[in-house]
Amino acid sequence: MRTTIGVHIFQMVSILFIARNVPCHPYDHSKTCNVTVDRGQVLQLYGLNGAGKTTVLKSLAGYVISQDLIISQHSTCLIRSDSQLLHGLTVKEQLAYYEQLSGRRSHLASDWLKDIITKDTSALSLGQARRLYLAQLYFSKADVWLLDEPLIGLDALAQERFMHI
């Protein structure tokens, strides 16, 4: 069975990020793709389970090494679908941790999470935890955000809010 990865592209501006010979499989680098992302553009990978979407994202972030991979030098922020939280902290403390790491403050992140700000991270539902993972974007200095299945677990209101980050 042949697996393919499709791409949806929204809103073109000026070229920001180029990658060539991106592996679509973590061990078999015979299947590759090329990626060009323009400034302000949202690029969505889609395909069947196992088609290689996550491998492409990991490759673009530098986690899968291939001697043929060529990536333009831009900072990336990868938020995976299986990201981990620091358990034993409240949401507010986790946000403070992001602030310390980035050297940036974000009232928008606190506002998006105000309904759960005092909850312990280990007590969050899937959707609440996902919102907290995605709140990292408010602190990111990266030129390119790589998001692996960002809408998993988010309700309709959280999805709408996410689209405006």
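**Surface, fold and pockets of the predicted model**

The protein exposes about 10,000 Å², of which carbon and sulfur atoms supply 53%. The structure described here is a predicted model. Of the 165 residues in the protein, 38% are buried.

The protein contains 5 helices and 7 strands. Read from the N terminus, the order of the elements is β-β-β-β-α-β-β-α-α-α-β-α. Within this arrangement, β6 and β7 run parallel and are joined by 4 bridges. Leucine 78 is placed opposite leucine 146 of β7. The two faces of β7 can be told apart by their cover: Val144 and Leu146 form the covered face, whereas Trp145 and Leu147 form the uncovered one. In a regular strand, side chains alternate between the two faces of the sheet.

Empty space was then considered. Rolling a probe the size of a water molecule over the atoms shows where such space is left. The largest pocket has a volume of about 1,100 Å³. Its lining is made up of 35 residues, and those closest to its centre are Gln41, Val42, Leu43, Trp145 and Leu147. Two or more lining residues come from each of β2 (15–23), β3 (32–38), β4 (42–47), α1 (53–61) and β7 (144–147). The largest share is that of β4, with 6 residues. By class, the lining of the largest pocket holds 24 nonpolar, 5 polar and 6 charged residues. Trp145 and Leu147, listed among the residues closest to the centre of this pocket, are those of the uncovered face of β7.

Of the 22 residues in its lining, Tyr63, Cys77, Leu78, Ile79 and Gln136 are the closest to the centre. At least two residues of this lining are supplied by each of α1, β6 (76–79) and α2 (91–102). The largest share, 5 residues, belongs to α2. The lining of the second largest pocket divides into 12 nonpolar, 7 polar and 3 charged residues. Leu78, one of the residues closest to the centre of the second largest pocket, is also the residue that stands opposite leucine 146 in β7. Helix α1 contributes at least two residues to the lining of the second largest pocket and two or more to that of the largest pocket.

Terms used: Residues numbered from 1 in each chain as written. Predicted model: local features only at pLDDT ≥ 70, side-chain atom pairs only at ≥ 80, totals over all residues. Heavy atoms only, no water. Buried < 20%, exposed > 50% of the residue type's maximum accessible area, 1.4 Å probe, protein only. Areas by Shrake-Rupley, 256 points an atom, 1.4 Å probe, with all protein chains shown as cover. 1 Å grid on protein atoms, 1.4 Å probe; cavity = no way out; pocket = protein on both sides within 12 Å on 5 of 7 lines; lining within 4 Å. Points joined across faces, edges and corners; volume = space filled by probe spheres on them. Nonpolar A, V, L, I, M, F, W, Y, C, P; charged D, E, K, R; others polar. Pairing = 2+ DSSP bridges.
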